[in-house]
Amino acid sequence: MKRKILSVVLAATMSIALFAGCGSSSKSSSGDSKKAAAVDTSKEGEHELSVYAWDKNFNIPALEAAEKAYQKKDPEFKLNIIEQSQSSDVENAITLAGSSNDYSTLPDIVLFQDHYINRYVHDYPDAWVDVNDADINWDDFGQEKISYSTIDNKHYGVPVDNGTVIFAYRTDLLKEAGYTIDDVTGITWDQFDEIGKKVYEKTGKYLLSMDGDGNDLPYMMLQAEGVSQFKDGKPNFVDNKTMVDIINVIVKLVQDNVLYLANDWSDYTDQTIVGDMVAGVMNGNWIIPTIEQVKENSGKWEITTLPTLSGKEGYASNGGSSLYITSNCKKTDLAKDFLAYTFGGGDGAKETYDDALTNGGVITTNVTCGQSDVYQKGVEYFNNQPIYQQIVQMGANVPTVEQSDYHYTAREQVAAAIHNILDGTDVTSALKDAQDQVEFSMGNDSNS
């Protein structure tokens, strides 16, 4: 009975978590942002810190959990959480401070998107304080996760959430087509295609869908192969055999009615997933609340790893954020100790991450914390699989590949290339055009 009650509570809290807090739909867009409120850290108390963060249903409950946990060590501790409307508010605050070379308006700590931090550390090196000397066992985290915030051999960020990719399947629909979850675990993409054709024939459901414009499939599928879209800082599309093979797979899946490319993000989430068009969902685990919106499908879903070109079990990550100390912090020792004690795997980490999962749906990348009783509980919606523990374990196996500040530019151009190929353009020409467009964007930025 306890397991069932906890599963219901977790499912409910995950369902209200806003996936924009760590999902792939989040973009840096100053036009939709507001100016972050200035912070005077000199007026803070001896036991007080401030932090910029967004998403009151996801990241902020995690920070509140950390504050509560640290108060066991320091009863006078106070964390002032300054809510932002979206991640780009924080990015704009750093840009504004860096452009004027005045960081005095920043809080002690900021939550920052993993895919953007490398560029911001290089563009504004004086904005940050590294946490190399914090009491953190970095080996206890998924190494792919901390690779984002490890810059020039220094640790700058402490991980918060987990972007590990899951492949969730409707096991009732697989059964209708003659398959089980084991039949889609450790398979090639060619085998997946054959299974998908049978599922579509028997059920009328696609085995996979994705936002056709913000198409994350190429990145995730490549990472599962241990390959990047970039090489030595430059886009590597045309001469990247693995990428060419992946693009050919995606095109074939569409042509075989196995993959549905949605018109936009809303079509992807509202129509294909919530609208019950699919028998499978592959994305960062932050997609779970979207899946769970269809209450009548509780107990019918299970998760597993990704297919690959070779048939080995695939692991990838998509989305996520970490916490960073700014140069305006007057109490860096306190900030480092707070982060190490809570999100960094210290004595308060288990309590922090257990509460963050229960109250905000935030899943840790810390391997030890992912073995807690809360993580080992079965989740009723996913046929009582201990999915949170599984996600942490999968996250520890995600290959580290070269990242780029032009991740989202590449995503946009590769998505366009896939549409062009489906319309008749040959693969080489489409990828060459996409690569040229990314190089053009990078050249423009370096000249500005």
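This is a predicted model: local features need pLDDT of at least 70, side-chain atom pairs count only at pLDDT 80 or more; totals for chains, interfaces and linings use all residues.
The axes of helix 7 (residues 189-203) and helix 9 (residues 241-255) come within 10 Å of each other, with a crossing angle of roughly 10°. Angles under 35 degrees count as roughly parallel, and helix 7 and helix 9 are therefore classed as roughly parallel to each other. By class, the residues of the contact between helix 7 and helix 9 comprise 4 nonpolar and 3 charged, with no polar residues.

Helix 9 also packs against helix 16 (residues 407-422), at an angle of about 55° and with the axes 10 Å apart. This geometry makes helix 9 oblique to helix 16, and the crossing of the two helices is right-handed. On the side of helix 9, the contact involves Met243, Ile247, Ile250, Val251, Val254 and Gln255; these meet Val414, Ile418, Ile421 and Leu422 of helix 16. The contact of helix 9 with helix 16 contains 9 nonpolar residues and 1 polar residue, and no charged residues.

A search of the whole structure identified 4 cavities of 30 Å³ or more. The largest cavity has a volume of about 80 Å³. It is lined by 13 residues, of which Lys145, Asn162, Thr164, Thr365 and Gly395 are the closest to the cavity centre. Helix 5 (143-149) and helix 15 (387-395) each provide at least two of the lining residues of the largest cavity. The lining of the largest cavity divides by class into 7 polar, 4 nonpolar and 2 charged residues.

Methods
Residues are numbered from 1 along each chain as its sequence is written. Side-chain values use heavy atoms; hydrogens and water are left out. On a 1 Å grid over the protein atoms alone, a cavity is a set of points where a 1.4 Å probe fits but cannot get out, and a pocket is an open set with protein on both sides within 12 Å along at least five of seven lines; lining residues have an atom within 4 Å of a point. Grid points are joined across faces, edges and corners, and a volume is the space filled by probe spheres set on the points. Helices (H or I, at least four residues) and strands (E, at least two) are DSSP runs, numbered from the N terminus. Ala, Val, Leu, Ile, Met, Phe, Trp, Tyr, Cys and Pro count as nonpolar, Asp, Glu, Lys and Arg as charged, and the others, Gly among them, as polar. Axes are lines fitted to C-alpha atoms, for helices over the stretch in contact, and angles run from 0 to 180 degrees between N-to-C directions. Angles under 35 degrees count as roughly parallel, over 145 as roughly antiparallel, 65 to 115 as roughly perpendicular and the rest as oblique. A crossing is left-handed if the near helix is turned anticlockwise from the far one by less than a right angle, and right-handed if clockwise. Contact means heavy atoms within 4.5 Å.
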